[in-house]
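Take a look at the chain below. Start with its overall build, then work down to single residues.

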Amino acid sequence: MRVDLSALDEVIRKLWTLLDDMDKAGQTSRYNTEIPMDAFGNSCLFLEAGDLHAAHKDMKTDLESAIKSLHGLIDKFGTSTSKVKDKYTEQEYANRQQMGGDSGGSDGKWDQ
C-alpha cells in the first residue's frame with residue numbers, strides 16, 4: 001500500500017491557510033462589527049433602538065462563538081492530519097531502511 005504524502009502535505013497546507021483565514025474572520029467579527037448605541041441617533045429616542053442594539057450584540061456573540069468553534073475544529077483536523085502524515089513518513093523511512101536503504105534495493109546477498 002502506498003500513501004501520497006504530497007497530497008497530505010497539500011491538505012495540511014490548505015488547512016493552515018483556512019485556519020489563518022478563520023483568525024482574520026475572528027478578529028473582524030470581534031473588533032470591526034461593533035455598532036455603538038449612539039449610531040442609532042444622538043438621543044436614541046425611538047423605542048426599538050435598545051432592542052436593535054441588544055440583538056446586534058447577541059448576533060455578534062453568536063458569530064464569534066461559531067468562528068471560535070470552527071477554528072478549533074480546523075485546528076484539531078489540521079493537527080491530526082499532520083500527525084498522520086508524520087507517521088506515514090516514519091513508516092516509509094523504516095520500510096526503506098529494511099529494504100536496503102536509499103539505494104533502491106538490496107545488494108543481492110543474504111545475511112546469515
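The model is predicted. Its secondary structure comes to 2 helices and 0 strands.

**The chain as a whole**

- The chain has 112 residues, and 17% of them count as buried.
- Take the contacts in the chain with a separation of 6 or more: residues 24 or more positions apart account for 68% of them.

**How the helices pack**

- Helix 1 covers residues 5–31, and helix 2 covers residues 48–98.
- Their axes come within 9 Å and cross at roughly 160°.
- Angles over 145 degrees count as roughly antiparallel, so helix 1 is roughly antiparallel to helix 2.
- The crossing of helix 1 past helix 2 is left-handed.
- Which kinds of residue form the contact of helix 1 with helix 2? The residues there divide into 17 nonpolar, 8 polar and 8 charged.

**The nonpolar core**

- In soluble globular proteins, nonpolar side chains tend to be buried together.
- Here the largest nonpolar core has 5 residues. They are Leu15, Leu19, Met22, Ile67 and Ile74.
- Helix 1 and helix 2 are the elements that give two or more residues to this core.
- Helix 1 supplies the largest share, 3 residues.
- Leu19 belongs to this core. Leaving out residues up to four places away in sequence, Leu19 touches His71, Ile74 and Asp75.

- Find Gly26 in helix 1. Is Gly26 buried or exposed? Its relative accessibility is 9%. Buried means under 20%, so Gly26 counts as buried.
- Gly26 and Glu64 are 38 residues apart along the chain. Their C-alpha atoms are separated by 6.3 Å.
- Now find Asp9, also in helix 1. Asp9 has a relative accessible area of 29%. That value lies between the 20% and 50% cut-offs, so Asp9 is partly exposed.
- How far apart are Asp9 and Lys85 in sequence and in space? They are 76 residues apart in sequence. From C-alpha to C-alpha, Asp9 and Lys85 are 7.6 Å apart in space.

Methods. Residues numbered from 1 in each chain as written. Predicted model: local features only at pLDDT ≥ 70, side-chain atom pairs only at ≥ 80, totals over all residues. Heavy atoms only, no water. Axes fitted to C-alpha atoms, helices over the stretch in contact; angles between N-to-C directions. Helix = DSSP H or I, 4+ residues; strand = E, 2+ residues; numbered from the N terminus. Parallel < 35°, antiparallel > 145°, perpendicular 65-115°, else oblique. Left-handed = near helix turned anticlockwise from the far one by under 90°. Nonpolar A, V, L, I, M, F, W, Y, C, P; charged D, E, K, R; others polar. Core = buried A, V, L, I, M, F, W, Y, C linked by side-chain atoms within 4.5 Å. Buried < 20%, exposed > 50% of the residue type's maximum accessible area, 1.4 Å probe, protein only. Contact = heavy atoms within 4.5 Å.
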